[in-house]
Amino acid sequence: MALADSTRGLPNGGGGGGGSGSSSSSAEPPLFPDIVELNVGGQVYVTRRCTVVSVPDSLLWRMFTQQQPQELARDSKGRFFLDRDGFLFRYILDYLRDLQLVLPDYFPERSRLQREAEYFELPELVRRLGAPQQPGPGPPPPHSRRGVHKEGSLGDELLPLGCGEPEQQEGASAGAPSPTLELASRSPSGGAVGPLLTPSQSLDGSRRSGYITIGYRGSYTIGRDAQADAKFRRVARITVCGKTSLAKEVFGDTLNESRDPDRPPERYTSRYYLKFNFLEQAFDKLSESGFHMVACSSTGTCAFASSTDQSEDKIWTSYTEYVFCRE
């Protein structure tokens with residue numbers, strides 16, 4: 001009986017050994033870590049691997065399930081690199097988390113986001129972005145209401161154009177433009193309203209006037225004799241300050257909005273900067289849009305290259321701003 005029991009125990013023991021072998025093979029370390037770092041067009045994202053593979057047969061799903069890590073492009077710090085729009089990828093990643101499409105108000109990049117969804121092979125997201133937008137509950141957004149935005153306001157306040165105001169009727173000829181139309185922000189009323197104006201239009205249908213300020217910080221070195229050629233450093237970043245709608249109209253795709261992505265068109269920002277670093281290119285774009293320079297200012301500081309030997313080269317650091325206006 002002891003022999004029979006031991007004989008019956010052999011298959012079980014063999015099966016246990018086989019099970020142990022299969023479990024050890026299934027316990028091999030995964031090819032990709034659970035937390036992955038992505039560099040998308042210079043913007044860094046950190047997320048879970050299960051998020052990027054949440055949509056089967058998509059581009060990201062194939063990258064992180066069907067390929068080896070060494071087959072994927074990486075940046076200098078070992079992050080997986082994707083040469084796509086880093087700003088729009090935040091919405092791609094939000095969709096992959098819960099498969100819901102939630103976009104902010106005043107989102108002008110819908111068609112570009114649809115193109116990104118096509119690249120990442122997300123057919124359901126492409127379908128949702130291509131569907132006509134349904135107005136939600138509550139008051140309509142400012143761009144769909146009939147009225148004129150209050151100039152110089154940091155909020156979303158809208159002031160209607162009154163057709164029956166006493167101020168408009170008095171002293172106004174039939175053919176002359178009403179002062180109330182020109183200064184609608186000063187005399188709100190509850191009367192009938194005029195047509196909607198686009199963010200870059202004025203009351204007569206032409207482009208809206210406004211100011212845009214271009215700034216940059218630079219540095220250069222001058223030798224002791226002051227006759228030698230200055231050693232200039234390239235401009236690292238050109239900042240853009242002004243109304244959001246004007247900045248987008250002038251600079252378009254060359255405007256980097258990553259530091260202030262959801263700013264409504266009627267608000268002001270000082271956090272935009274350009275994707276290029278040539279001042280002349282910025283000036284050309286402003287000139288083509290009807291802007292001209294009205295003022296500029298610059299400040300500078302000087303320091304010696306060596307704190308002990310003040311006979312060495314001097315390092316100058318400057319900050320310069322150019323103010324452009326379109327009337």
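Let me start with Ile35, which lies in strand S1. This is a predicted model, so please keep that in mind. Together with Val44 and Val46, Ile35 makes a nonpolar surface patch of about 250 Å².

The largest nonpolar core has 31 residues. Leu38, Leu60, Phe64, Phe89, Ile92, Phe120 and Leu122 have the most contacts inside this core.

Take Ile92 as an example. Leaving aside residues up to four places away in sequence, Ile92 touches Leu113, Glu116, Ala117, Phe120, Leu122 and Leu125. Apart from the 31-residue core lies another core, of 20 residues, and its members include Ile212, Ile214, Val240 and Phe291.

Last item: helix H9, residues 244-251. How many of its 8 residues are buried? The count is 6, so H9 is mostly covered, buried here being under 20% relative accessible area. Those buried residues are Thr244, Ser245, Leu246, Ala247, Val250 and Phe251. As a general point, an α-helix has 3.6 residues a turn, so residues three or four places apart point the same way. After H9 comes Gly252, with a positive phi near 55°.

Methods. Residues numbered from 1 in each chain as written. Predicted model: local features only at pLDDT ≥ 70, side-chain atom pairs only at ≥ 80, totals over all residues. Heavy atoms only, no water. Core = buried A, V, L, I, M, F, W, Y, C linked by side-chain atoms within 4.5 Å. Buried < 20%, exposed > 50% of the residue type's maximum accessible area, 1.4 Å probe, protein only. Contact = heavy atoms within 4.5 Å. Helix = DSSP H or I, 4+ residues; strand = E, 2+ residues; numbered from the N terminus. Patch = residues over 30% accessible without salt bridge, like charges linked within 9 Å, V, L, I, M, F, W, Y side chains within 5 Å. Areas by Shrake-Rupley, 256 points an atom, 1.4 Å probe, with all protein chains shown as cover. Salt bridge = Lys/Arg side-chain N within 4 Å of Asp/Glu carboxyl O.
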